[in-house]
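Please open the structure in your viewer and keep the selection tool at hand.

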Amino acid sequence: MRAWLFAGQGAQRVGMGQELFDRFPEYVAAADRVLGESVRALCLDDPDGRLNRTRWTQPALYVVNALACARALAEGPAPDVLAGHSLGEYNALLAADCFDFETGLRIVCRRGELMGEADGGAMLAVVGLSPDAVRALLDRSGATDVDLANLNTATQVVVSGPAESVKALRAAVRATPGARCVPLATSGAFHSRHMRPAQERFAAFLDTVDFRPPRIPVIANVTGRAYPADGVADLLARQIAAPVRWHETLRELIRRGVTEADEFGPRPMLRQMWESVRAEPDTVPQPQHGEPQQGEQPVPGPGPVPVPVAVRREDPAVDPGPDSVRDPAAARLGSAEFRQDHGVRYAYLAGSMFRGVSSVELVARLGRAGLRGYFGAGGLDLDTVDKALAELARTPGLDGRYGVNVLHDLTRPGAEDALTDLLLRHDVRHVEAAAFTAVTPALVRFRFTGAHRTPDGTPVAVRTLVAKCSRPEVAAHFMAPPAEELLRRLVARGALTAAEADAARGLPVAQDICVEGDSAGHTDGGVSLALVPTTAALAARVTAQHRYVRRLRVGACGGLGTPEAVAAAFVLGADFVVTGSVNQCSPQAGTSDAVKDLLAALDVQDTAYAPAGDLFELGSRVQVVRKGTLFAARANKLYQLYRGHSGLDDLDEATRTWLERDCLRAPLDQVWKQTCAHYRDTGRDREIERAERDPRHRMALLFKSYFARTNRAAQDGDPAERANYQVHCGPAAGAFNRCVAGTALEPWRERHVERIAELLMTGAARVLDERLAAYTQAGPHPPTHP
């Protein structure tokens with residue numbers, strides 16, 4: 001395969017394009033119209049030294065690169081894939097027919113104007129240090145306002161920030177053995193957080209432009225992955241303030257099987273980088289599995305970083321998959337077999353959140369980034385879930401990397417069967433099961449539909465089931481094969497074929513068990529330090545007992561809000577991690593801005609336990625936000641009233657007044673009528689019939705209406721109900737807030753879900769590497785007694 005690479009700003013020189021202008025007079029005439037002057041004179045004569053001013057550099061270089069590309073297309077075949085460094089990306093998109101020559105030039109002119117207005121910034125090329133080493137140097141030198149702008153190779157990085165800070169960093173680089181630096185001739189802090197005002201103005205301009213889908217794959221600077229069909233404007237806008245992931249881009253080309261790269265530009269700038277990356281020992285072409293996913297990948301891979309042997313749980317015989325080259329250290333954490341089975345680049349999942357808080361947008365964005373999230377189907381009607389699944393199915397770039405939550409509901413035994421019918425109709429391959437205390441027929445039917453045995457007799461399931469459990473005895477049910485009687489019943493009613501049931505006898509109900517520690521879910525206040533190793537040991541015994549071909553895998557969730565917490569989960573023996581609360585405070589989460597503002601202000605102590613609305617009568621508890629809302633206190637009081645009284649008639653007048661005024665916001669009779677209507681509309685008339693016979697059950701249903709209303713109020717951001725917001729959240733949110741304080745991710749609008757994943761996983765890899773290095777350098781501890 002062959003790639004074309006287009007150079008960006010810095011490749012310009014006086015005299016560029018001389019051999020091209022006469023060959024393409026129509027392009028030159030169009031450029032003159034757009035620029036309002038002669039592009040030939042600008043490039044060949046450089047009047048007033050404008051060729052090195054950003055406003056003029058960018059359109060001039062775009063024109064020359066475009067003419068060189070036109071010549072190449074006239075003389076030979078088009079390439080298989082395209083990429084461009086910063087400004088050069090516009091030429092790559094032009095070659096992919098995303099816009100015509102003149103439209104591209106108008107875009108580049110506006111970009112040059114906006115970037116040319118930036119002043120007070122500086123850029124510095126650092127050679128001889130890895131991105132991680134440069135980050136460490138920034139931390140040590142106190143240059144917290146300097147960003148990594150260009151990640152060109154494993155040992156070539158450009159930083160960008162205020163001029164004084166960059167100047168101070170120069171001294172630190174020069175004092176570092178093996179490192180050198182070169183100041184770049186720029187007036188602005190390009191590709192850094194300091195360009196966000198320009199990014200916003202540029203995004204508004206791009207909204208006026210119609211883009212076509214790329215006809216040839218173009219690797220985006222922002223993501224290091226191929227542009228999606230409908231994401232050109234978004235990625236171009238973000239590129240101004242985001243780092244250029246050129247190292248990642250070149251590795252992606254090699255992953256795709258590119259063996260030959262042609263450079264377009266007035267000066268040779270990219271060829272040496274290409275050769276450098278090709279020479280990296282772990283850079284090998286990988287087979288393709290469909291069109292690569294897209295999405296922002298904010299923290300780039302720093303090249304191979306040693307990972308402590310103690311936490312490498314992967315089987316070396318298992319191919320970790322093509323995406324593992326993204327960040328080799330982070331990609332080695334956990335189980336390689338897990339990554340392969342789930343088609344993800346990290347042993348990382350984003351768990352579901354109730355009533356679509358884990359939204360279509362959230363799981364789609366993760367899927368395009370090579371990760372997986374689970375759509376929060378719990379609490380939603382089937383029509384809503386149906387529409388969500390249809391939208392996910394037609395979203396480009398996902399390649400099946402999404403799942404759906406199945407939440408157990410004791411009050412609606414038929415709901416699981418109906419949801420399973422829907423999942424199978426949409427051919428959903430991945431489910432997260434939560435709040436189950438036992439294996440149900442619906443879960444078995446989902447898991448083993450399509451299961452079969454290979455010619456050598458090995459049982460294979462084509463669907464994954466991640467079972468969230470907070471008790472080892474519950475986990476044991478999911479680790480075992482389905483009960484024989486259950487399989488016979490499913491076959492008898494045609495829910496499974498005999499062949500599917502036969503394969504199920506040799507497989508666990510869930511290959512992956514996620515241990516729920518202290519979190520926002522139905523966790524029983526579990527402690528991961530105790531649960532994860534205990535469940536991992538159980539999984540090893542059950543694997544041996546049933547002689548499974550593949551070992552059972554155990555993941556961890558709950559409290560995972562920092563890289564250190566994620567690192568600890570892997571040290572405990574987790575094969576994968578699942579995040580939850582941290583994703584609720586992302587732009588993609590399906591809840592209100594008011595809730596996200598609330599979450600972004602939490603500290604680690606700002607949550608409390610409250611009754612779970614779906615399992616209210618059983619006393620099950622979930623963790624919720626305490627700061628800024630009275631929900632936890634009021635919900636706990638409702639449960640105390642339920643436990644201590646036989647019905648609403650037992651309540652004293654003061655309590656009834658409190659209920660109507662502060663909780664239910666309406667007279668009890670009116671709330672009961674609304675409650676009855678809800679249960680009848682959802683086909684649960686039996687609940688109403690039971691309530692008519694049992695005053696205590698009537699009280700429970702009426703109290704549960706408070707939980708439903710407060711959940712909706714929070715998702716809708718109803719300001720009149722702010723004191724009653726029910727927001728499920730664990731302490732991980734507060735920990736994450738502290739982790740990102742003072743960084744680019746402090747504002748929640750910057751916390752895109754894939755950026756959260758990248759921060760946690762690459763950070764965990766660095767933490768483990770640093771801890772192991774510190775431990776081994778310290779040597780054995782001296783005796784404390786003579």
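Begin by selecting strand β9 (residues 348-350) and strand β10 (residues 372-375), which run parallel and are joined by 2 bridges. Helices (H or I, at least four residues) and strands (E, at least two) are DSSP runs, numbered from the N terminus, and two strands pair if DSSP finds at least two bridges between them. Within this pair, Leu349 stands opposite Arg372 of β10. In general, strands of a sheet pair through backbone hydrogen bonds, either parallel or antiparallel.

The model is predicted: local features need pLDDT of at least 70, side-chain atom pairs count only at pLDDT 80 or more, and totals for chains, interfaces and linings use all residues. Residues are numbered from 1 along each chain as its sequence is written, and side-chain values use heavy atoms, with hydrogens and water left out.

Select Asn405, which lies in strand β11. Is Asn405 buried or exposed? Asn405 is buried, because its relative accessible area is 4%; buried means under 20% relative accessible area, exposed over 50%, and partly exposed in between (1.4 Å probe, protein chains only). The side chains of Asn405 and Ser352 are joined by a polar contact of 3.2 Å. Such a contact is a pair of N or O atoms within 3.5 Å; within protein, one must be able to donate a hydrogen and the other to accept it, and residues adjacent in sequence count only if both atoms are side-chain atoms.

Finally, display the largest nonpolar core, of 88 residues, where Leu5, Tyr62, Leu82 and Leu253 have the most contacts inside it. A nonpolar core is a set of buried Ala, Val, Leu, Ile, Met, Phe, Trp, Tyr and Cys residues joined through side-chain atoms within 4.5 Å. Helix α3 (residues 54-75) supplies the largest share of this core, 12 residues. A second, separate core has 80 residues, including Leu422 and Ala567.
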